[in-house]
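Subject: Model handover

Hello,

Here is the structure we talked about. My notes on it follow below.

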Amino acid sequence: MTGSHATPTPTATADDRHRSGLALLVIASCQLMVVLDVTIVNIALPHMQKDLGFSTENLSWVVNAYTLTFGGLLLLGGRLGDILGRRRVFIFGVLLFVFASLLGGLSQEGWQLLAARSLQGVGGAIASPTALSLITTTFREGPERNRAFGVFAGVSAGGSAIGLLAGGMLVEWLDWRWVLFVNVPIGLLIAFATPRFIPESERRPGHFDVIGALTSTVGMVLLVYGFIRASEDGWTDGLTLGSFAAAVVLLAVFIMIERGSKQPITPLWMFRDRNRAGSYAMMLSLAAALFGMFFFLTLFVQNVLEFSPLRAGLAFLPVSAVIAVSAGLTSQLLPRWGPKPFMVVGALLAATGLGWLTLTDVHSSYLGSILGPMLVFGFGMGMQFVSLTLMAVSGVAPKEAGAASGILNATQQVGGSLGLSILVTTFGTASRNEATDQVPKFLEEATPAQKLEFRRTEVLPSPWGAEVLTSGVSSAFVVAACFAVLAALVALFVIQVRPADLARLQGGATPLAAEAEGTGDGGADGPTSGADATRPDPDAPSPDPDDPRTDPDTDRPTKGL
């Protein structure tokens with residue numbers, strides 16, 4: 001890796017493969033640590049709630065504090081690596097993630113845990129995109145790099161399953177704090193090994209769109225806060241309305257900044273292609289449903305079905321398995337039929353699974369009422385992960401594929417947080433209404449000791465509390481199913497797959513590409529076709545959407561103007 005020879009000896013080649021393998025292990029370990037953080041924490045949520053006194057509505061901030069900062073700063077993190085050096089930035093992101101994890105595990109108050117989770121999100125946003133970029137600078141193009149990307153994708157896909165199992169074991173055998181402490185030794189080993197096996201990348205000139213990143217992130221935080229506060233204090237509360245107003249202002253400022261920036265953190269021109277914009281809209285909706293399913297079912301199986309943390313983690317493993325199977329089948333069949341059928345059917349299957357979960361009540365069992373809908377939902381989501389990623393990067397120049405996929409990833413995190421806040425608002429309203437009915441029953445049937453405990457904690461014990469929780473969870477799944485139906489409608493009416501797209505998926509040349517080869521036209525415009533269009537110079541400034549000289553169908557300057 002450190003030198004090149006005209007005719008390398010077998011020993012040098014073996015040593016090179018050994019170093020490449022260790023470099024990949026370091027990069028993949030970082031991605032695994034960042035990806036599994038959401039699911040490993042999910043299993044610990046009921047125990048965090050009990051120890052730190054979170055309400056169910058505020059408990060969602062344990063998830064949102066991480067995903068909002070992670071998703072909001074993801075694109076900025078990638079830019080940091082490009083400009084300052086990827087290895088250097090990678091190590092910094094890992095160490096920041098480790099430090100935040102340590103602080104989170106030591107938290108004694110709810111606000112301390114939320115602050116630590118936010119800082120974790122910042123570290124993850126710096127480390128994760130840089131880890132992906134390091135593959136391109138560490139591994140040679142061709143089979144070696146393809147294998148590395150395959151391992152990276154496998155780790156990303158399997159992280160949720162590993163997190164569920166590891167979270168269950170850590171919480172049951174040790175304590176909920178260990179779902180955060182476990183990152184410390186892993187992260188320190190990664191930071192120690194990185195300079196030994198991964199070369200530094202060249203720095204590239206550019207500037208940081210810090211204001212754009214901050215306005216978008218803070219705007220989304222205020223939007224989520226407005227929904228969650230509304231669930232507790234009502235829609236006419238002053239802080240609720242103020243949060244929504246400030247969020248609208250900040251997000252409008254963000255759009256203005258991005259439109260005027262020469263190097264925007266979010267290239268708005270990418271949203272002008274209907275397939276790509278539709279993919280982002282679908283990811284927003286489906287991520288909301290996915291985050292909601294894990295959040296509310298985690299509470300249900302532990303608080304109502306009384307599963308242990310380990311049993312709860314095992315209960316969710318079939319979802320991860322069926323997602324992997326579905327994604328594999330979709331990737332095999334997609335070149336034949338194109339992504340649109342899988343996007344439509346996948347969203348409808350997700351909606352069906354969520355609709356099935358709305359029938360959940362206190363008498364439900366895991367095998368009779370939970371496993372079936374989870375499998376249907378998971379199979380639908382597996383179809384989406386492959387097809388949405390494909391549509392998001394379709395038709396962009398190679399140098400811009402990272403930005404296109406990065407926006408999709410950021411959309412998943414932000415959409416999940418925003419959607420979860422909406423579902424929590426629904427949960428809060430429904431559970432308060434159910435509590436109004438259950439409190440008189442409790443006061444009539446409870447023992448003196450139970451009444452005394454209720455006056456102290458204002459928390460209804462089982463079975464009355466289970467009725468309240470189940471009513472809120474069922475109502476939340478109604479809205480989650482609506483999110484999935486919305487995604488299906490977008491897939492049906494917005495996504496368009498053209499013959500040229502199918503030809504590309506099947507490995508053939510598009511008609512225009514073939515024509516260009518026949519005429520020898522290798523001019524600046526190059527072969528383009530609808531969603532396959534790219535700008536002639538990937539390093540050129542993004543076109544102005546309002547510029548009349550820009551062709552709205554290709555996002556490229558029109559000829560003769």
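**Notes on the model**

E306 sits in the loop between α11 and α12 (309–337); helices (H or I, at least four residues) and strands (E, at least two) are DSSP runs, numbered from the N terminus. This is a predicted model, where local features need pLDDT of at least 70, side-chain atom pairs count only at pLDDT 80 or more, and totals for chains, interfaces and linings use all residues. Residues are numbered from 1 along each chain as its sequence is written, and side-chain values use heavy atoms, with hydrogens and water left out.

Back to E306. Its phi is near 60 degrees, a positive value in a residue other than glycine. Most residues other than glycine have a negative phi. E306 is exposed, with a relative accessible area of 61%. Here buried means under 20% relative accessible area, exposed over 50%, and partly exposed in between (1.4 Å probe, protein chains only).

**Overall**

The protein has 19 helices and 2 strands. Of its 561 residues, 52% count as buried. Take the contacts (heavy atoms within 4.5 Å) between residues at least 6 apart in sequence: 81% of them join residues at least 24 apart.

**Cores**

A nonpolar core is a set of buried Ala, Val, Leu, Ile, Met, Phe, Trp, Tyr and Cys residues joined through side-chain atoms within 4.5 Å. The largest one has 113 residues, and M293, F296 and L354 have the most contacts inside it. Helix α11 (residues 274–303) gives the largest share of this core, 17 residues. L354 touches A289, M293, F377, F477, A480, A481 and A484, not counting residues up to four places away in sequence. There is also a second, separate core of 11 residues, including V224, F227, I228 and L418.

Axes are lines fitted to C-alpha atoms, for helices over the stretch in contact, and angles run from 0 to 180 degrees between N-to-C directions.

α11 and helix α17 (residues 464–493) pack at an angle of about 160 degrees, with their axes 9 Å apart. That makes the two roughly antiparallel. (Under 35 degrees counts as roughly parallel, over 145 as roughly antiparallel, 65 to 115 as roughly perpendicular, and the rest as oblique.) α11 passes α17 in a left-handed crossing. Left-handed means that the near helix is turned anticlockwise from the far one by less than a right angle; right-handed means clockwise. The contact residues of this pair divide into 22 nonpolar, 5 polar and 1 charged. Ala, Val, Leu, Ile, Met, Phe, Trp, Tyr, Cys and Pro count as nonpolar, Asp, Glu, Lys and Arg as charged, and the others, Gly among them, as polar.

Helix α2 (residues 37–52) crosses α11 at roughly 60 degrees, and their axes come within 9 Å. The pair is therefore oblique. This crossing is right-handed. N42, I43, L45, P46, H47 and Q49 in α2 meet F294, F295, T298, L299, Q302 and N303 in α11.

**Two residues to look at**

G465 lies in α17. It counts as buried, at 19% relative accessibility. G465 and N303 are 162 residues apart in sequence, yet 9.2 Å apart in space, C-alpha to C-alpha.

A410 lies in helix α15 (residues 401–445). At 10% relative accessibility, A410 is buried. Its C-alpha is 8.8 Å from that of L68, 342 residues away along the chain. Leaving aside neighbours within four places in sequence, A410 is in contact with G71 and L74.

Best wishes
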